[in-house]
Each structure stands twice: as C-alpha cells, then as structure tokens.
Amino acid sequence: MIKRRSAREIELMRNAGKIAADARQVAGKLVVVGATTKSINDKVHDFIVSHGAEPAFLNYCGYPASLCISINEQVIHGIPSSRKLLQGDVVSIDVGAKVNGFIGDCAATYIAGDGSKDSERLIQVTRECFYEGLKFARVGYRVSDISRAVQKCAESNGYTVVREYVGHGVGEEMHEPPEVPNYVEIPRKRADPRLLSGMTIAIEPMVNSGAAAIKVLGDGWTVVTSDGRNSAHYENTILITDGDPEILTVCEGMP
Ligand code: MF3
Ligand code: CO
C-alpha cells in the first residue's frame, strides 16, 4: 500500500526534508582535498542532531554511520573512514534526517578540488536525470514513466544506470512502497503503480560512466562499479501534488 500524506504529514515531511537538504549542503562544503570522510560524517551528524533531528541512516539495518560517502568507483553506501579525499575525487554523499517521525532523504555528488571535465559531466548528467524523471512525477503518470525518463537521460549521454538499487517511497520509514527504478524492466516484474497526490517518493539516479554492473565489497555495504569506472548519485525526496511536484529536500543554493 502506497501512503498518501495528509496536510499535517506533508508539513512534517517538509521540515525533515529541509534539515536533510541543509545537511547535504553542509556536507558538500566539507568536500575538500585532505578531509577524511569520517570528519565529514561527524560534522554533518552534529549538524543534524543540533537541528533536533536524528540521522536516519545510523543503525538502519546495522549501518554504522550517519552518512554514506562513496568515492569514485564507489556507487553508494560507502562507509565513512580515515580515508582522505584526494584532488579530483568524485564524492557522493547521501543524507537522511528523521524528525517528528518523518524522514527526508537526499544525495548529491561533489568533486574534491578540481575535477576532470569527464567527472563534471557525469555529475551534471546525473542531476539532469533526476530532473528528467521529475517531469513525470505527476498525477496521470506511472512510476515507470519516471524510470524511463531517467534511463533515457543517462543512456543518451553515453552512461548507464544501476539496476540493483532503486528509488523508493519515503515517509515514516526510509524505504516504503513503491520501488522507483532508474530503468524500465522488460519483462516487468514489479508493480507499476499510478502516481497520486500526497505520495512522497525519493527519485535517485545512480549513474555509471562505464558498464551498469556493480558488486558489493567485503564490508557488506560498499557498492562499487564492476569495471572500476566512476559513478555519481543524485537524490531528492519529492511530493506528488495535483500540480507540479514539490521537492521536499530543498534549501538555498541546491546542488
Ligand atoms: N539513502 C539510501 C537510500 O536512498 C539509504 C541508505 S541505507 C543505509 O535508500 F543503510 F546506508 F543507511
Ligand atoms: Co533513498
């Protein structure tokens, strides 16, 4: 069952979304050459807590940190560590904040110092994939219309989309129905629900510069590209309305 949020719940989702988006902004500014991913995690953790929220990822299915920080060939779920960022690293940061029982979930990819033109293009296209998907986040469309738009944007730019991890409904739980894939399944195995006002979902393209294949490292979390090429991630929590979709993980100077 896909939940439809009441006006009061939407207000709480906006509040959680704002804190998550502000936390992402703080994290992005900390992506500098020489920073350890643990130092970024700890500062953003403190930011979330000082704004009255909880880091939604910490202890989620046993996840050991407040952020996911995934570098270069790491796609998602990188665990913050003593690793120092190097010039040109492609750094995907995923943040979740929970407050008053509701969650905001968002991510973006940043470059430490100066990046290559290729890295900048990968990041820009990944962001564009989100906005292409968003065009179909409207009453009258189905989840697969979002998926198709995301996939088309990535592939028409010479990139691939990850299959094994998908966007999702988000609200009181981090992962609620529906699943929101970044590709069109043929043959279709998942339900392909119609979008209705009041639904809150996370659209989150994970875009690889090489092949789509991924694997999970021995730590049980870190997802990497099988061919070792770079990957980028961009995510917002959004609300389906009777008009334009509303981005809930919104703040000044969005990445
Ligand atoms: N933000 C991720 C998502 O969009 C969830 C992170 S899962 C965690 O689904 F376990 F790493 F927290
Ligand atoms: Co998500």
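These legends go with close-up views of a predicted model.

Local features here need pLDDT of at least 70 and side-chain atom pairs count only at pLDDT 80 or more, while totals for chains, interfaces and linings use all residues. Residues are numbered from 1 along each chain as its sequence is written, chains are lettered from A and ligands numbered from 1 in the order in which they are written, and side-chain values use heavy atoms, with hydrogens and water left out.

**View 1. Four side chains hold the cobalt ion (ligand 2).** Asp105 (OD), His168 (NE2), Glu204 (OE) and Glu235 (OE) coordinate the cobalt ion at 2.0 to 2.3 Å. Donors are N, O and S atoms within 2.8 Å of the metal (3.2 Å for Na, K and Ca), and with water not among the atoms, sites may look incomplete. Along the sequence, the spacing of these donor residues reads D-x62-H-x35-E-x30-E. Asp105 in strand E5 (residues 102-111) and His168 in strand E7 (residues 167-169) sit 63 residues apart, so this pair links distant parts of the chain; strands are DSSP runs of at least two residues, numbered from the N terminus. Both Asp105 and His168 are buried, meaning under 20% relative accessible area (1.4 Å probe, protein chains only).

View 2. Asp94 puts a polar side-chain atom 2.7 Å from a nitrogen atom of ligand 1. An N or O atom in the His175 side chain comes to 2.5 Å from an oxygen atom of the ligand, and one in the Glu204 side chain lies 2.7 Å from a ligand oxygen atom.

**View 3. Thr200 reaches out to two partners from strand E9 (residues 200-203).**

**View 4. Ala97 sits in strand E4 (residues 90-99).** With a relative accessible area of 0%, Ala97 is buried. The C-alpha atoms of Ala97 and Val44 are separated by 11 Å, and the two residues are 53 residues apart along the chain.

Notes: Helices (H or I, at least four residues) and strands (E, at least two) are DSSP runs, numbered from the N terminus. Buried means under 20% relative accessible area, exposed over 50%, partly exposed in between (1.4 Å probe, protein chains only). A polar contact is a pair of N or O atoms within 3.5 Å; within protein, one must be able to donate a hydrogen and the other to accept it, and residues adjacent in sequence count only if both atoms are side-chain atoms.
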